[in-house]
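Subject: Structure handover

Hello,

Here is the structure I said I would pass on. My notes on it follow below.

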Amino acid sequence: MFKRARLLAAPPIPAALRRDQGFWLLAAAAVTLTPHGTQLPNWLFAFCALLLGWRALRLWRGQRPVHRVLIMPLSIAACVSAYLAYGYFFGKDPGIALLALLLCLKLLETGSARDIRVAVLLCFFLQLGAFFENQTLPAALLALLGVLLCLVSLLSLTDPTSGTRERLRISLTLMAHSLPFMLIFFLLFPRLEGPLWRLPADANSSLAGLSDSMAPGSINKLALSSAIAFRADFISPPPPPAQRYWRGPVLNNFDGTTWNSGIDITATTPAYNTAGERLAYRLTLEPHGRAWLLALDFPAPGLPGVRYASDFRALANQPILQRTRFELASYPASVVGLTESNTTLRLATLLPENSNPRTVALVHSLTGGTAAPEAALQHVLEWLRGRDLVYTLQPPLLGRDSVDEFLFDSRRGFCEHFASAFAFMMRAAGVPARIVTGYQGGEINPFDGGLIVRQSDAHAWTEVWLAGRGWIRVDPTALVAPGRIDRGLAAALPASEERPWMMRADLAWLQTLRLRWEAVSNLWDQWVLGYNLERQRELLRKLGFKQPNWPALAMALTLATVAVMAALFGWALIQRRRHDPLERAWSAFSAKLARHGLARTPTEGPLDYGSRIAGALPRHAGVLLDIATSYARLRYRPPATPAEVRALRQRIRTLRLP
């Protein structure tokens, strides 16, 4: 049994080639692991890098692979480390971490052709696993580069004498041949609703974005991020910045420090009549884990896949857990909340007892305790306008009476400080008020015309209810920093305050480069990542399938695959005849004999053909047999040299038949 096992084992790699093959495989592993660097724990990724460095050092010194006696305890430690890092073992994240560790350990013991093939298979699995968390264009380009290096590593086994240029050429040719099949499977393979890898242990992965609560300092943390929250492509010209209020969570409940949302009441139609200009646009949302769509005020009725909340938000049927596109429309000039319920209005005037006493006393002195809501609104706005408040990304920490400390002590705050203080003051005056969080503004990308809204555009404003006018938007930030509404965050900050690096005026070239890249990424998002089940069904209907289903997809996939295989096979035959000098010489020889009634049949080999024509032309039998034998030898042995092909072609050209 042991003897048979030795016979079946892969032959060892020759020592002279070990370094060359090892470095190709090491490069493939390094490129494969690069996209996982942002997902793996820092210590684990550093350990993988250390193992790869150790392998590179041993290759450079020409040392033998690490003995398996050492690899085995390291493998057990890798399994334990993956469990300790995540707290569970069966799931996407620990599985990827374990594969990364095992790949690095496998490279340390690589000493045979079989080891190289196993390591390449691990690379392929990890290249696929990178798309579980990151489907961006850079991740796809890195995966293609990793595949190329893996193919070169495999070619180093099948043809160890070939040079680097030849291996790269063959690998690129193989990848080019696979492109039609990749396109067919991308277009026709059945699409599922949601990703396959959403395992229970991964369901609580954190996603960036707004929360359904707001406390001092909660939004200015988002303002430091240049990550994209969503994109909007308008069918008509985009609205001016003053109308770009993207509605998110509406916060009604205040406990003295934190504002929280109330109970969602949803319906299939909005609770208002639309009026004014209609703005139609396509919204591409990044995943944020909640159902809100962040639509412009106020969503039109009848939008597909949209529910309408009683606080005028647009909601999806399911939480947004992956990049999703919606066709939306809004009417910013609509009047909303004219017939608001007494319960809603009462809740919008509640304040905690003994909260922020200085602010309560101030409001009573401004309004006299009996001012009409419109008058109270104007008094409060005038007081805030003359208070010399400062809009800043670096507000100080506030205590229990946060509104008092902001208005009378620090006087420095971000949008949530202004919105919270204003809503509190209006409630203290008896006017229903609430806070709306979302995003304000956005940046037009000059390279594709789309509007980009980033996490740094996160904003908070207020709504007050007035009889006969309903809920009206009041943005207290605009009183202190009007540039925030018209020109964005960077224009509103004090001149002395340090901007985030992507907002600095002296780095305009870097911002332009980012916009160019984001325009390219948007094309990738719309045409590749945005190709969902609905768009696939639409394509099949255009191809003539009236009821697109799984059998129809299987038929279309099979027919397209067979057609591409036939086309590639035919193309290969044509190219072989056109570019193979040995084949052209043999074809010329066969054509010369065909003119004498001795045409070669398609199934006739060179030696059989040579015997037949030698019998038919005995005076030239020796020459004909020699030419046929020479062709067979050059065709079926290791590649013929150019000199040998030229010699055979010269003999065929000088052959004279009666």
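Which residue in S12 does Trp246 stand opposite? Trp246 stands opposite Tyr439. Before the rest, two remarks on the basis of these notes. This is a predicted model, in which local features need pLDDT of at least 70 and side-chain atom pairs count only at pLDDT 80 or more, while totals for chains, interfaces and linings use all residues. Residues are numbered from 1 along each chain as its sequence is written, and side-chain values use heavy atoms, with hydrogens and water left out.

Helices (H or I, at least four residues) and strands (E, at least two) are DSSP runs, numbered from the N terminus. Buried means under 20% relative accessible area, exposed over 50%, and partly exposed in between (1.4 Å probe, protein chains only). Two strands pair if DSSP finds at least two bridges between them. S3 pairs with strand S12 (residues 433-440) in the antiparallel sense over 5 bridges. Strand S4 (residues 259-261) also runs antiparallel to S3, joined by 3 bridges, with Leu251 opposite Ser261. S3 and S4 form a hairpin with 4 residues between them, and Gly256 in the turn has a positive phi of about 110°.

The five-stranded sheet

An open sheet of 5 strands has the order S9-S6-S2-S14-S13, with antiparallel pairing. Its edge strands are S9 (324-330) and S13 (443-444), each pairing on one side only. S2 (residues 228-234) and S14 (residues 451-454) pair over 4 bridges, and the bridge partner of Phe230 in S14 is Val453.

Aromatic rings

Rings of Phe, Tyr and Trp (its six-membered ring) pair if their centres lie within 6.5 Å; planes under 30 degrees apart count as stacked, over 60 as edge-to-face and the rest as tilted. By this rule there are 18 aromatic pairs. In one of them, Phe230 and Tyr439 are edge-to-face, at 5.7 Å centre to centre and 80° between the planes. Phe230 lies in strand S2 and Tyr439 in strand S12, so the pair ties together parts that are 209 residues apart in sequence. Both residues are buried. Another pair is Trp383 with Phe408: the ring centres are 6.1 Å apart and the planes at 55°, so this pair is tilted. Trp383 lies in helix H11 (residues 373-385) and Phe408 in helix H12 (residues 402-410), so parts 25 residues apart in sequence are tied together. Trp383 counts as buried at 17% relative accessibility, whereas Phe408 is partly exposed at 23%. Phe230, Phe234, Trp246, Tyr281 and Tyr439 form one aromatic cluster.

Backbone details

A cis peptide bond joins Asp297 and Phe298, with omega about -10°. Phe298 lies in the loop between S6 and strand S7 (306-309). Phe312 is not a glycine, yet has a positive phi of about 75°; this residue is in the loop between S7 and strand S8 (314-316) and is buried, with a relative accessible area of 3%. Asn356 also has a positive phi, near 50°. Asn356 is found in the loop between helix H9 (342-347) and helix H10 (357-367), and counts as buried at 0% relative accessibility.

Regards
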